[in-house]
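Visitor: I'm new here, and I'd like to know what the words on this tour mean. Could you show me the structure and then take the terms one by one?

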Amino acid sequence: MAPNMKEEEAARQKEIDDWLPITANRNAKWWYSAFHNVTAMVGAGVLSLPSAMSHLGWGPGVTVLFLSWVITFYTLWQMVEMHEMVPGKRFDRYHELGQYAFGEKLGLWIVVPQQLVVEISTDIVYMVTGGKSLKKFHDIVCPNCKSIKTTYFIMIFASVHFVLSHLPNFNSISGVSLAAAVMSLTYSTIAWTASAAKGVQPDVDYGYAAKSASGVTFNIFTALGDVAFAYAGHNVVLEIQATIPSTPEKPSKGPMWKGAVVAYIVVALCYFPVGLIGYRMFGNSVEDNILLSLQKPNWLIAAANMFVVIHVIGSYQIFAMPVFDMMETFLVKKLKFRPSYLLRFIIRNLYVAFTMMVGIIFPFFGGLLGFFGGLVMAPTTYYLPCIMWLIIYKPKRFSFTWIANWICIVLGVALMVVAPIGGLRTIILQAKDYEFFS
């Protein structure tokens with residue numbers, strides 16, 4: 001290639017990188033990492049933890065919650081460390097790390113489908129969550145008003161994203177993400193304090209709600225998927241870290257890890273009180289969304305549902321941004337489209353419309369969490385980082401790191417196998433009584 005052609009190609013690549021959402025801006029601070037990670041992780045899943053506890057029981061439930069927190073904290077650390085493992089290079093996207101570990105083609109085939117399904121399915125769940133929380137808010141503040149179907153509330157929730165989805169990159173949604181992170185801590189606190197104030201219900205039962213062995217087993221599988229969904233923030237970790245500046249003297253992993261530690265403290269403050277206190281108060285009668293089990297005080301429950309709406313608005317954008325980046329990268333690098341506002345406008349609106357329609361067709365909160373939590377969030381969160389670490393760093397056999405990674409891999413694979421079965425069963429049971437415009 002002639003020198004002039006090389007310069008032109010380099011200029012074109014720089015223009016593209018400056019336009020793409022993930023690499024457009026690298027001036028984020030450590031606290032951006034904190035609230036982006038909180039927004040990505042503490043989402044709809046926290047509201048299902050009391051229900052997951054009711055399917056698992058006290059001993060297994062507490063064990064699963066604690067183990068998931070420890071394992072995902074460990075795999076998050078691995079991903080932060082691997083972001084700049086090659087001097088002079090940054091793995092700004094999950095699939096780039098996968099390509100380095102597994103090879104150019106195999107890495108894409110292993111990581112991209114799973115990451116896309118994680119992010120798209122999460123946005124679909126957030127469409128459902130946002131719509132149902134809006135409906136709950138409406139029904140509480142206006143009990144005598146004409147009932148509006150959930151379908152239309154999902155459309156109302158989606159209308160916000162037809163606007164916000166045109167914010168160009170991660171840093172441009174930092175204000176939305178900060179508000180979402182604050183809301184997540186707020187509504188989680190409301191969920192467990194309101195549950196505690198309500199007290200232990202008179203007929204509380206901590207036994208399994210299902211009466212058959214098969215029913216108990218399927219419910220346990222669903223609960224495992226719910227927990228996996230709750231800890232599924234890893235799919236955007238490298239993309240968040242890509243927004244932080246880095247030099248050989250001050251690599252990005254320093255501020256990224258500082259923010260991640262703060263985020264995981266917030267995660268613990270949200271997850272454990274909600275899961276344990278919610279189950280303690282309601283037992284096996286708790287709804288798959290704890291806020292649905294709380295009826296009074298009306299003003300507090302209405303506020304909590306609106307806080308959920310604000311939070312999932314930010315979470316939707318956090319998970320949508322890597323999808324936008326993949327689609328726009330494919331169009332401008334592979335299909336040679338020119339980077340433009342019109343291209344971005346069309347692609348992002350189509351994505352929001354797609355997630356809205358799927359959310360309308362399958363508004364099954366509990367089943368969706370269990371199915372997607374196990375199928376694709378377990379691999380990308382629980383064990384893919386461990387596999388890549390073993391391939392790249394090759395720790396000594398039977399060393400602490402080698403043993404820890406293999407434990408995570410075995411547990412993650414088991415989770416991936418059983419959780420989707422329970423989630424799919426829950427979807428089928430919920431679908432029997434569902435009308436499209438209900």
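Guide: A volume is the space filled by probe spheres set on the points, with grid points joined across faces, edges and corners. By this rule there is 1 cavity of 30 Å³ or more. Keep in mind that this is a predicted model: local features need pLDDT of at least 70, side-chain atom pairs count only at pLDDT 80 or more, and totals for chains, interfaces and linings use all residues. Residues are numbered from 1 along each chain as its sequence is written, and side-chain values use heavy atoms, with hydrogens and water left out.

Visitor: What lines the largest cavity?

Guide: The largest cavity holds about 40 Å³ of space. Its lining includes Ala40, Met41, Thr122, Tyr126 and Phe319. Helix H2 (30-41), H7 and helix H10 (213-230) each give two or more residues to that lining. Helices here are DSSP runs (H or I, at least four residues), numbered from the N terminus.

Visitor: How do the residues of that lining divide by class?

Guide: There are 8 nonpolar, 2 polar and no charged residues. Ala, Val, Leu, Ile, Met, Phe, Trp, Tyr, Cys and Pro count as nonpolar, Asp, Glu, Lys and Arg as charged, and the others, Gly among them, as polar.

Visitor: And what is the volume of the largest pocket?

Guide: About 770 Å³. Of its 24 lining residues, His95, Leu108, Val112, Thr329 and Lys334 are the closest to the centre. By class, this lining has 8 nonpolar, 4 polar and 12 charged residues.

Visitor: What makes Arg348 and Glu328 a salt bridge?

Guide: A salt bridge is a side-chain nitrogen of Lys or Arg within 4 Å of a carboxyl oxygen of Asp or Glu. The closest N and O atoms of Arg348 and Glu328 are 2.8 Å apart, and the pair forms a salt bridge. This pair links distant parts of the chain, with Arg348 in helix H15 (residues 341-361) and Glu328 in helix H14, 20 residues apart.

Visitor: Which residues are linked in a network of salt bridges?

Guide: Arg26, Glu84, Arg90 and Asp92. Arg90 meets Glu84 at 3.8 Å, N to O, and for Arg90 and Asp92 the closest N and O atoms are 4.0 Å apart. Arg90 has a relative accessible area of 16%, so it is buried. Asp92, at 6%, counts as buried too. The structure holds 9 salt bridges.

Visitor: Last one: why is Phe398 called exposed or buried?

Guide: Its relative accessible area is 59%, so Phe398 is exposed. Phe398 sits in the loop between helix H16 (365-393) and H17.

How values were computed
On a 1 Å grid over the protein atoms alone, a cavity is a set of points where a 1.4 Å probe fits but cannot get out, and a pocket is an open set with protein on both sides within 12 Å along at least five of seven lines; lining residues have an atom within 4 Å of a point. Buried means under 20% relative accessible area, exposed over 50%, partly exposed in between (1.4 Å probe, protein chains only).
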